[in-house]
Amino acid sequence: MTDDLPGAAGDLAKQHPDVWSAYSALGSAIADTGGLSAREKRLVKLALAIGAGSEGAVHSHARRALEENLPVDDLHQTAFLAIGLLGFPRAVASWTWITDVTDQS
């Protein structure tokens with residue numbers, strides 16, 4: 001996990017490094033438990049953020065996906081896949097959150 005976090009998460013990490021360290025270690029352990037590729041893990045995390053309705057997490061995982069050179073079309077498809085399970089409004093909202101990031105690149 002990154003040590004350069006924006007907003008409240010960054011403030012928490014600076015003010016409570018022991019909490020951040022434990023959280024970061026848990027994230028690393030979880031990421032290493034299976035056989036998913038880095039690309040698959042990133043898309044799953046994006047999908048989970050979409051399902052949770054977390055605009056900040058969608059922005060974060062879309063940014064990281066671009067840094068990892070994932071195609072923009074894959075990010076958009078991840079949002080569109082939400083239509084059947086989460087409904088059209090949630091899919092459209094998540095697509096707009098993704099385009100907040102992809103349109104800046």
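Buried means under 20% relative accessible area. The model shown in these views is predicted.

**View 1. Alanine 82 in helix H6.** Helix H6 covers residues 82-86. Alanine 82 has a relative accessible area of 5%, so this residue counts as buried. Leaving aside residues up to four places away in sequence, alanine 82 touches Ile50, Gly87 and Ala91. Serine 94 lies 12 residues from alanine 82 in sequence. The C-alpha atoms of alanine 82 and serine 94 are 8.7 Å apart.

**View 2. The salt bridge of aspartate 74 with arginine 39.** The structure holds two salt bridges, and this view covers one of them. The closest N and O atoms of the pair are 2.8 Å apart. Aspartate 74 sits in helix H5, arginine 39 in helix H3 (residues 38-52). Aspartate 74 is buried at 17% relative accessible area. Arginine 39 is partly exposed at 39%.

**View 3. The salt bridge of arginine 42 with glutamate 68.** The side chains meet at 3.0 Å, N to O. This pair, too, links distant parts of the chain, 26 residues apart. Arginine 42 belongs to helix H3, and glutamate 68 to the loop between H4 and H5. Arginine 42 is buried, with a relative accessible area of 9%. Glutamate 68 is partly exposed, at 37%.

**View 4. Asparagine 69 in the loop between helices H4 and H5.** Helix H4 spans 55-67 and helix H5 spans 72-80. Asparagine 69 is exposed, with 68% relative accessible area. The phi angle of asparagine 69 is near 65°, a positive value in a residue other than glycine.

Notes
Residues numbered from 1 in each chain as written. Predicted model: local features only at pLDDT ≥ 70, side-chain atom pairs only at ≥ 80, totals over all residues. Heavy atoms only, no water. Helix = DSSP H or I, 4+ residues; strand = E, 2+ residues; numbered from the N terminus. Buried < 20%, exposed > 50% of the residue type's maximum accessible area, 1.4 Å probe, protein only. Contact = heavy atoms within 4.5 Å. Salt bridge = Lys/Arg side-chain N within 4 Å of Asp/Glu carboxyl O.
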